Every structure is written in C-alpha cells, then in structure tokens.
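Here are my notes on this one, as numbered points. Have the coordinates open while you read.

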Amino acid sequence: MGVEGVEPHYQIVVTRDGSLDNIEVQVEVSEQIFSDEVKSLEKLGKRLQTEIKDLLGISCRIKLVEPKTIQRSEGKAKRVIDNRKI
Amino acid sequence: MKVKQIAIFLENKSGRLADISHTLAANAINIRALSLADTADFGILRLVVSETEKAQQVLKSAGFTVGITEVLAVEVPDKPGALDLVLQVVSKAGLNVEYMYAFTRKSGETGMLLFRFDDQERAIKAFQDAGCKLLSDEEVHAL
C-alpha cells in the first residue's frame, strides 16, 4: 500500500468479539507523517482505513504506534497475531 | 515572532511520559511550558524547552518521534479577563485556533498564551494591529 510517510512495518492483530472477528492494523508513525495536531493524525488513520477497505473490502481499526515498537523479525516477519479463541 | 516548540508522539502506554521527562532531566533540559493532547490511542506532548534542537536530538536518540513546530506566544497580564481580551481579537479576525495552552510566568504579574493557528501569518498581523505583545523565540527560551 502506497501511503506516503507510513513505515513499512505493520502488524495485524485479530480478535474475536462474540461471533465477530475484529482486525486491528498497527502502523508505526514516522517523522514524515507525524504532526503536532491531533486531527492530522486522525485523518491519516481514516485514510489508511479507507484505502484498506477499498483495496481488500475489509473494515479494520487502525492503531498508530511509536516507531520501532513492532517486533522486527530476522527472517520471515510475523505480520499477523491471531488472538481469537476458537 | 514565532516560538519553536517540540511535539512528541506518544502511545497510550504506562511510563512513556516518564521516559520523556527522564531523558530531558538526564540532559539538563528545562521545560518552560507543556501541554498534552490525548486521544483514545495516542497522545501528543508539546513542549517549549530551554534547548529545542538538543531536546529533539536526545529524544530522537531515545526512540521517540519528534517534530519541531512553531507557535505564537502572547504575553498577557496575570489578571481576570486577560485571556478574554486576546480571544476577542482572535474571534474578530475569524482565526481558527488549532490548539492553545497557557501558563503563568510570575504569579500576579504576567502570563503567557501559546497558540497554533491555521493561518499563523494572519494571526501575527491581527495581534500586532490589536496591540497584543508577541514574544520572540529568544524571549521565551530565555525565561
């Protein structure tokens, strides 16, 4: 996904609420996209949400996280954490 | 007429604010003014400090996302109605306040209002035309 300024590091966390699966996409905030205004960062989250919905047809929640907080993997990156108890 | 401020991205996690204060303390950086904006997931800490560039550098090294932005500092007397006079100027000029914070410089004497507007240049002109005292970057950092 080509959203300018968004770090390539992301993680998807899947949880289950009743019979519904919820997807949270965690994205690291780089200096290029960081703003001192709350509304700019909220707008970025909404834009990512819309792009994912347009591209994949999936509704998800976007969580902006601090840089380097998503675990780096030396090999295959662990992109999805499935916390559902099925 | 603009004052440099640092802004730091914070996740809503216990201890992150203390990590920032510890980094600044360890580098002998003094905080002049502070404001924390919070949402459900994250916060933005805005600081006016004694050494802006040094603060940015040490916080970056500590792993934080840091930006330097400019705000306007208006000096007001520390008495009832002082904020209202300034906000009447803002309102009459039709300016949009993105955010603001304030603190007392010396109790009973002066206070300082820090503003971020959507149109900073127009705000400077409106304040100057109304006779409001705008503080320079040097004046604020030398407090």
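1. A:R61 counts as partly exposed, at 38% relative accessibility.

2. Before going further, the ground rules. This is a predicted model, in which local features need pLDDT of at least 70 and side-chain atom pairs count only at pLDDT 80 or more, while totals for chains, interfaces and linings use all residues. Residues are numbered from 1 along each chain as its sequence is written, chains are lettered from A and ligands numbered from 1 in the order in which they are written, and side-chain values use heavy atoms, with hydrogens and water left out.

3. What does B:D41 pair with? A:R61 forms a salt bridge with B:D41, and the closest N and O atoms are 3.2 Å apart. The term stands for a side-chain nitrogen of Lys or Arg within 4 Å of a carboxyl oxygen of Asp or Glu. A:R61 sits in strand 3 of chain A and B:D41 in the loop between strand 2 and strand 3 of chain B, so the pair joins two chains. For element names, helices (H or I, at least four residues) and strands (E, at least two) are DSSP runs, numbered from the N terminus.

4. B:R16 forms a salt bridge with A:E66, with 2.4 Å between the closest N and O atoms. B:R16 lies in helix 1 (residues 16-26) of chain B and A:E66 in the loop between strand 3 and strand 4 (80-82) of chain A, so this pair joins two chains. B:R16 is buried at a relative accessible area of 16%, and A:E66 counts as buried at 1% relative accessibility.

5. Now the whole A/B interface. The contact (heavy atoms within 4.5 Å) takes 19 residues from chain A and 24 residues from chain B. About 1700 Å² is buried between the two chains, and carbon and sulfur atoms give 54% of that. Buried area is the accessible area (1.4 Å probe) that two parts lose on being put together, summed over both. On the chain A side, A:F34, A:D36 and A:E66 lose the most area to chain B, together 40% of what that side buries.

6. How many salt bridges are there between chain A and chain B? The count is 6, and one of the cross-chain pairs is B:K60 with A:E31, whose closest N and O atoms are 3.5 Å apart. The interface also has 10 residue pairs in polar contact (both at pLDDT 80 or more). A polar contact is a pair of N or O atoms within 3.5 Å; within protein, one must be able to donate a hydrogen and the other to accept it, and residues adjacent in sequence count only if both atoms are side-chain atoms.

7. Which elements of chain A are involved? Helix 1 (38-56) and strand 3 (61-65) of chain A are the elements that give two or more residues to the side touching chain B. Strand 3 of chain A provides the largest share, 5 residues. By class, that side has 8 nonpolar, 3 polar and 8 charged residues. Ala, Val, Leu, Ile, Met, Phe, Trp, Tyr, Cys and Pro count as nonpolar, Asp, Glu, Lys and Arg as charged, and the others, Gly among them, as polar.

8. In contact are 15 residues of domain 1 of chain B and 17 residues of domain 2 of chain B. The area buried between these domains is about 1400 Å², with 57% from carbon and sulfur atoms. B:K2, B:V3 and B:R32 supply 47% of the area that domain 1 buries against domain 2, more than any other three residues.

9. Between those domains the count is 1 salt bridge. B:E121 forms a salt bridge with B:K2, with the closest N and O atoms 2.5 Å apart.

Note on methods:
Buried < 20%, exposed > 50% of the residue type's maximum accessible area, 1.4 Å probe, protein only.
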